[in-house]
Amino acid sequence: MILLIASVTLRQVGRQRRMLLLVLLALVPVLVSLLYRFAATDDAPDGHIQFASGILATFVVNLVLPLSALLIGTSALGQDIDEGTIAYLIAKPLARWKVIVAKILAGWVLTFGVVLISVVGTGAIVLVGEDGFSLVPAFAVAVAAGALAYVVIFVALSLRFSRSLIIGLAYVFVWEAIISQFITGVRFLSVRAYTVGIADGLTEVSTDILDRSLAATPAVVLLSILVALGTWYSVRALTRYQIAERV
Amino acid sequence: MTTDNSTNGATSGLGAAAPVIGLTEVSKWYGNVVAVNDVSFEIGPGITGLLGPNGAGKSTLLHMMGGLLRASSGSVSVLGEPAAGNPEVYRKVGIVLEREAVYGSLTGWDFVRMNAKLHGIPDADAATKQAIVRVDMEYAQDRLTGGYSKGMKQRIKIAAAIVHDPQVLILDEPFNGADPRQRLHMIDMLRAMAREGRTIVFSSHILEEMERLGDRVLVIVSGRLAASGDFRAIRRLMVDRPHTFRVASSDNRRFAQALVGDAAVTAVELEGGQLLVRTNDYGRFTLEAPRIAQSAGITVRELAPSDESLESVFEYLVAGVRGGAGENS
């Protein structure tokens, strides 16, 4: 049942034009990496590691990941709400949590797929054959976790607000990108910080950005709590959801 | 105002057998706007139509019967169970909403099959085939529903709603966008389903659709139950109301004088070059007026009811509801 709803959602969201834009966005760090590879001088011995971790922890985690999760996560269930197809899911003898889990699963797979282009592309160009290659699997796992957290948040937002995209944009660019970077205590409440913290915990590579991050254990614990609470909220909201007719 | 009869499945009073759908003192409001106002009725097997102008509250009522919307007060039950917050009820209930929404990236077959799977039907393929045959859509079942016409979407939606063989089928404006042939086919299909003992409730703002399908009619006006009964009783109620005719003749003044004497005429009014005649007896007046004109040697150029729109019929019923408020509640 969950896989059926998830596969229909994958088709539904995957066909949208925004997916093409997201793939193009995901290719930007890959292109920047190519430029770096051809133009960089080999002055500093760990220059490529600093560059790769910089690109991954800033451009990918700060921009590609939240923006992909936002556009995909708000439409995974939001599209059903906007177009009225949610009736086909609600008017069924079906536990609501299955619908929510299916929607989160589909949104997560798509988001992770997009962000993985950035991570693997950047890693392949900058780090293959180099010392710091362990950054690539570390960030792959970290963005998988970050994608899950973001998608859970955006699915919940789409159930609560009809303008979830705008609210999500404000959250990503004001809270995640600005406030959480400048106020130290806030990083405990930031998916960006959890993501970088998890990446840090999975690699021995030491860089400026990773060293400043949250430790891996609190990152995993807080992210798990966020995912659990967000999913619980969405299940509750969908259980109470009413379809307003358009007179 | 209420025109019940004993054989009626839709009654505003208490029925003898347990009703399939029951509404008790149901109201629904959105902020300060009252969409449904203290409505009670029961619906039994067969076809029941909700008739009323756009915005009367028909959709709100159907959404509540389908458990998709909670009543602000009162209770709505389907097959003896509460309709809202009760997913299990959908094993026996199918719903077709007015919105055209279908999953455009699925073929008709996949769309209906998805609904069968979500219902947990063991042999989803057989159920899908049966439902698609029933709505006569085999020819388009392998095309994407996104490319369907409005009438085709409507039919595939019905197929999706009947794929689990529901005992109760709720349809909101099912004939919107259907061409006359599709409409006839749908009417035959719904009639056949009703003969199998199912309960079918549909809404429409078109009188002719009610006439063809609605054995029992609930007239909803301004969020209230204005009248209920079989279609003929409702029709009579609408025809027996006062009518105004617009008349143009060779001598309006003399015609007016001649008409005043007739029992069917309640008032005449000369307005500019026009003669307005009010009558309480539609049938008698339309028979008598030409005779009176003929005997007075007057040529009638035009004789037309001036308020035959459905809106005016509803206005009349609303006035009745206001006058006799509480009668149906």
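The model is a predicted one. Chain A is built from helices: there are 11 of them, and zero strands. Reading along the sequence simply gives α-α-α-α-α-α-α-α-α-α-α. The radius of gyration of chain A comes out at 19 Å, close to the 18 Å that the globule rule gives for 247 residues, so chain A is as compact as a globular protein of that length. Along its principal axes, the C-alpha trace of chain A spans about 70 × 35 × 30 Å. Of the 247 residues in chain A, 49% are buried. As for how the chain folds back on itself, take the contacts between residues at least 6 apart in sequence: 82% of these join residues at least 24 apart.

Helix H1 (residues 2–14) of chain A packs against helix H6 (residues 96–126) of chain A at an angle of about 45°, with the axes 8 Å apart. The crossing of H1(A) past H6(A) is right-handed. On the H1(A) side, the contact includes A:Ile2, A:Ile5, A:Leu10 and A:Val13, while H6(A) brings in residues including A:Val99, A:Leu105, A:Val109 and A:Leu110. Sorted by class, this contact has 12 nonpolar, two polar and two charged residues.

The second pair is helix H3 (residues 47–76) and helix H9 (residues 191–201), both of chain A, which pack at an angle of about 135° with their axes 11 Å apart. That angle makes H3(A) oblique to H9(A). Here H3(A) passes H9(A) in a right-handed crossing. From H3(A), A:Ala57, A:Val61, A:Asn62 and A:Leu65 meet A:Arg192, A:Thr195 and A:Val196 of H9(A). Those residues split into four nonpolar, two polar and one charged.

Then there is the partner chain. Chain B puts 27 residues in contact with 21 residues of chain A. Helix H1 (58–65) and helix H2 (108–118) of chain B are the elements that give two or more residues to the side of chain B touching chain A. H2(B) gives the most to that side, with four residues. By class, the side of chain B that touches chain A has 12 nonpolar, 10 polar and five charged residues.

Conventions:
Residues are numbered from 1 along each chain as its sequence is written. Chains are lettered from A and ligands numbered from 1 in the order in which they are written. This is a predicted model: local features need pLDDT of at least 70, side-chain atom pairs count only at pLDDT 80 or more; totals for chains, interfaces and linings use all residues. The radius of gyration is taken over C-alpha atoms; the globule rule is 2.2 Å times the number of residues to the power 0.38. A residue is buried if 20 or more other C-beta atoms lie within 10 Å of its own, exposed if 12 or fewer, and partly exposed in between; C-beta atoms are placed from the backbone. Two residues are in contact if their C-beta atoms, placed from the backbone, lie within 7 Å. Ala, Val, Leu, Ile, Met, Phe, Trp, Tyr, Cys and Pro count as nonpolar, Asp, Glu, Lys and Arg as charged, and the others, Gly among them, as polar. Axes are lines fitted to C-alpha atoms, for helices over the stretch in contact, and angles run from 0 to 180 degrees between N-to-C directions. A crossing is left-handed if the near helix is turned anticlockwise from the far one by less than a right angle, and right-handed if clockwise. Angles under 35 degrees count as roughly parallel, over 145 as roughly antiparallel, 65 to 115 as roughly perpendicular and the rest as oblique.
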